[in-house]
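My notes follow the structure.

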Amino acid sequence: MTIMTVQRRGKKAAPVRQHKRVDPVSVELIRNSLVAATEEMKSVLMRTSYNMIIYEALDFTVGLFNSAGETLSIGLGLPTFIRGMSDVVKAKVAHWGLEGIHPGDILLTNDAYTTGAHLNHLTFSIPVFHKGRIVAFSTCMAHWQDIGGILNGMTTDIFSEGLQIPLVKYHVRGRLNAEMRNLILMNVRRPDRAMGDLEAQLSACRVGARHMEDMLARHGLETVLASIEQIMNHSEAEARARVRAMPDGVYVAESQMDDDGIDIDQPVPIRVKVTISGGEMTVDLSGVSPQVKGFYNSGAGVACAQVAFKCLTLPRDNPINDGSFRPLKVIVPPGTVVSATHPAPMRVWMTYPMTLVDTIFKALAPAIPDDVIAGHHADLLIANVNGIHPRDGRLWIYLGGLIGGGWGAKSDEDGANCTVCMNDGDTHNGPSEQVENKFPLLVRHYRLRQDSGGAGEFRGGLGAETEVMALSLINYQTRTDRVNNPPWGLRGGGPALGNQIGLRHKDGKETVFPGGKVNTKLAAGESYILRSGGGGGFGDPKKRSRESILRDLRLGYISAAAAKRDYGVTATADPLAAVGAPVAGGKHARRA
């Protein structure tokens with residue numbers, strides 16, 4: 001599939017509609033009904049799913065879409081699904097045509113080159129009919145813990161990554177497609193868990209469909225469609241106004257990933273060009289690296305641009321809908337690491353997009369310094385852990401990591417500590433108590449990583465460190481990046497520490513790996529160690545206030561050595577008695 005998407009630009013490119021003007025009260029009722037629908041879909045999925053990756057990590061997104069596949073509302077788990085879900089609905093409509101989709105149909109695919117993600121993301125859609133006409137689709141995309149394929153190790157093509165499901169009907173006019181269900185059951189390692197998540201996704205879709213049906217019954221088709229049009233137009237106008245406030249110009253930036261897991265220590269370049277002109281933004285990703293041999297490819301280029309655009313324009317506007325993105329144009333030729341083509345491997349699709357969003361912010365820092373953040377840790381620090389459970393002799397699979405890390409500082413605020421990376425929104429770590437209860441693992445510690453944030457007038461956020469001991473023989477794999485390319489600072493701010501992977505042996509000694517790609521076994525009593533990077537600093541460290549430096553020392557965020565090195569502050573045993581700190585004067589005290 002060619003991944004080149006151009007958002008509609010301005011009202012002249014929008015489809016012609018003849019809907020009536022709706023009163024503001026009705027519009028607001030429908031606006032909030034859309035948000036309530038997707039929020040309830042989220043709640044149902046979380047409460048009925050079987051695997052922690054869904055109900056704890058929130059690796060999913062639910063949404064309502066119109067008959068053309070445009071987004072009406074999304075209940076976010078992962079922001080990068082914002083484009084993939086819409087593209088999936090559009091692909092389903094193109095495949096069957098509206099006339100080929102019937103009441104009781106449930107539409108399914110996990111095609112990586114349609115979703116833009118890996119095969120673990122199964123996407124179900126239920127059509128919503130009103131008087132015989134399809135008016136919407138209720139859709140859920142969620143991460144399955146296993147979809148077959150290679151369990152451990154590197155993949156180099158999509159065929160080794162698991163079961164590929166084309167566009168199919170899982171239910172046909174209300175009847176289960178038993179052959180499709182059996183095909184799925186035969187290709188997953190824990191069918192009991194998989195079927196639980198499948199039914200949870202269907203429950204979420206049914207809830208969204210029911211909400212939409214109730215909305216249509218309460219307000220009528222014409223009022224609902226007209227209100228949605230007004231909501232989208234309002235989102236467009238607000239987003240366009242924010243872009244108009246940005247200075248016109250062409251802005252470029254570059255960063256790089258460590259490697260693709262096969263050609264070790266061969267950096268993968270991420271280059272972006274952002275053009276602002278006349279109330280529109282164009283993000284050109286033509287300079288991003290071609291797709292790579294290892295499993296870091298994705299089709300998330302457009303989604304990355306949309307995530308960055310949303311953050312810069314309407315970060316709190318709900319519902320999240322396609323109107324918000326009408327002032328955005330994305331140029332991404334096929335065959336890059338964020339527009340990969342068949343049969344490129346996609347298993348670790350989420351890693352490079354995080355840095356891509358960061359790089360868009362980096363490009364725009366000269367234009368809108370008060371609206372961007374410095375670089376962040378930009379990796380989930382996933383640990384693929386599995387083995388045979390001594391309790392029942394069955395295979396267990398745990399997607400460990402997800403420990404959060406440091407976010408970049410802003411022009412007026414320190415970066416957030418121990419927060420999940422940019423593209424993963426609401427993703428949570430797995431609670432230590434659940435990990436220890438479900439798997440033969442012992443969490444030895446989970447804490448902030450001292451000195452990991454970049455120095456600056458505003459300090460970058462701190463990363464985290466966790467050490468997890470194996471209680472039986474386990475398989476262990478990491479695919480962490482940005483170990484050797486740490487988060488950058490802005491406006492004189494310092495870089496943060498990068499991500500780091502270690503192993504602790506039974507004798508207590510630790511091995512620290514020069515990169516983030518590790519594939520090994522751990523015996524009982526050995527531990528894996530994940531250290532996430534911090535966020536870059538913002539502004540000259542010499543301008544950091546005395547109070548902030550003393551607070552960081554007191555809380556253990558920075559060490560005495562870092563205080564002296566980065567800020568010229570010599571600390572005594574009592575951080576409150578630090579000397580050489582800034583003297584009074586101005587908003588932020590400065591050194592003499």
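I call a residue buried under 20% relative accessible area, exposed over 50%, and partly exposed in between (1.4 Å probe, protein chains only). The model is predicted, so I note that local features need pLDDT of at least 70, side-chain atom pairs count only at pLDDT 80 or more, and totals for chains, interfaces and linings use all residues. Residues are numbered from 1 along each chain as its sequence is written, and side-chain values use heavy atoms, with hydrogens and water left out.

**Charged pairs.** I looked for salt bridges (a side-chain nitrogen of Lys or Arg within 4 Å of a carboxyl oxygen of Asp or Glu). I found 29 salt bridges by this rule. Arg551 and Asp414 form one, at 3.0 Å from N to O. Helices (H or I, at least four residues) and strands (E, at least two) are DSSP runs, numbered from the N terminus. Arg551 is in helix α11 (residues 546-555) and Asp414 in the loop between β13 (395-400) and α10 (432-438), so the pair ties together parts 137 residues apart in sequence. Arg551 is partly exposed at 30%, while Asp414 is buried at 19%.

I also checked Arg326 and Glu236, whose closest N and O atoms are 3.0 Å apart in a salt bridge. Arg326 is buried at 2%, and Glu236 is buried at 3%.

**Cysteines.** I searched for disulfides (pairs of cysteine sulfur atoms within 2.5 Å). The whole structure has 0. For Cys140, the nearest cysteine sulfur is that of Cys205, 5.2 Å away. Cys140 is buried, at 0% relative accessibility.
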